[in-house]
Amino acid sequence: MRLFSENDTVNDSKLWKASKPPFLFAWVALLAVAAILIWRAQHPIDETQIIVASACVALGSILGCLPFIFDYRVSVKSIDAAALGSITEKIQSLEKLSSQISAATNEWMNAQMQAEKTSNLAKEIADGMAGEVQRFSAFMQKMNESEKAALRLEADKLRRGEAEWMQILVRILDHVFLLHTAAVRSGQPKVIDQISNFQNACHDAIRRVGLAPFSAEPGEAFDPPKHQDVDGKAQAVDGGVVAETIASGFTFQGKLLRPALVRVKAPDAELEPLPEPAEEKTEDLPLQEPN
């Protein structure tokens, strides 16, 4: 980049002027780069992007001031060259030189004021962007808290709904089990087959939602986590075994929901059969909360 004309002479101080358009173009270009960087940055704007944008603005300001600085230096050099002439010419041009120095000083002061204004403007822009980032962060945090509260409320509703429909399904299956038990005790094969098919169909349907019933086989060893004694005397029976199942137990998605209600007897003892299904015993069985 050439700052001066090739035909410039030492004494043609008016022609010793820096070419300002390239510097002004560089200044505008750097300001445009900073504006585009801020405009296209993802919010919130990180610290690196703010530093780069500020550096572009500062560098553009410096480039905008350089031609005036060059003009000042050239003017000073021109004055020094003229001072090497004769004393007479120096005395005659003293007033002219004084005015040139004053003009150059004023121009430098104006350039310095413009640089200070540009620096203050860049600082204001940076402060404004920092405030916008803080407000945006607070807004996003508030939105996240609102969404979390709404999700917790919906999750609680879903849990309550899940507990309600599990209670309903368990009560229905308890009645189906009692109906099947009554059919078995009736001794009628056709009724037993029909009720068994109906019970199997109900079991297949509820397995699709993760709810599975289970029963204890007669003669099976009493297992406190899986079985519950209908008489509440399981601890008094030494090596007790299951005599019959009064109500089915249930698991939900592989986790125990309710133990099976059974009658327990000693291994060699005989147990009198119940005359009718003990429906009232199943009404008080609570459901455990699946972990």
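The model is predicted, so local features need pLDDT of at least 70, side-chain atom pairs count only at pLDDT 80 or more, and totals for chains, interfaces and linings use all residues. Residues are numbered from 1 along each chain as its sequence is written, and side-chain values use heavy atoms, with hydrogens and water left out.

Let us start with the overall layout. The chain has six helices and six strands, taken from DSSP as runs of H or I of at least four residues and runs of E of at least two, numbered from the N terminus. Along the sequence they follow the pattern α-α-α-α-α-β-β-β-β-β-β-α.

Among contacts (heavy atoms within 4.5 Å) with a separation of 6 or more, 64% join residues 24 or more positions apart. The chain exposes about 19700 Å², and carbon and sulfur atoms supply 58% of that area; the areas come from the Shrake-Rupley method with a 1.4 Å probe, and for residues only the protein chains shown count as cover. Of the 291 residues, 27% count as buried. Buried means under 20% relative accessible area, exposed over 50%, and partly exposed in between (1.4 Å probe, protein chains only).

Now for the rings. The structure holds one aromatic pair. The ring centres of W165 and F252 lie 6.1 Å apart with planes at 70°, so the pair is edge-to-face. Rings of Phe, Tyr and Trp (its six-membered ring) pair if their centres lie within 6.5 Å; planes under 30 degrees apart are stacked, over 60 edge-to-face, and the rest tilted. The two residues are 87 residues apart and link distant parts of the chain.
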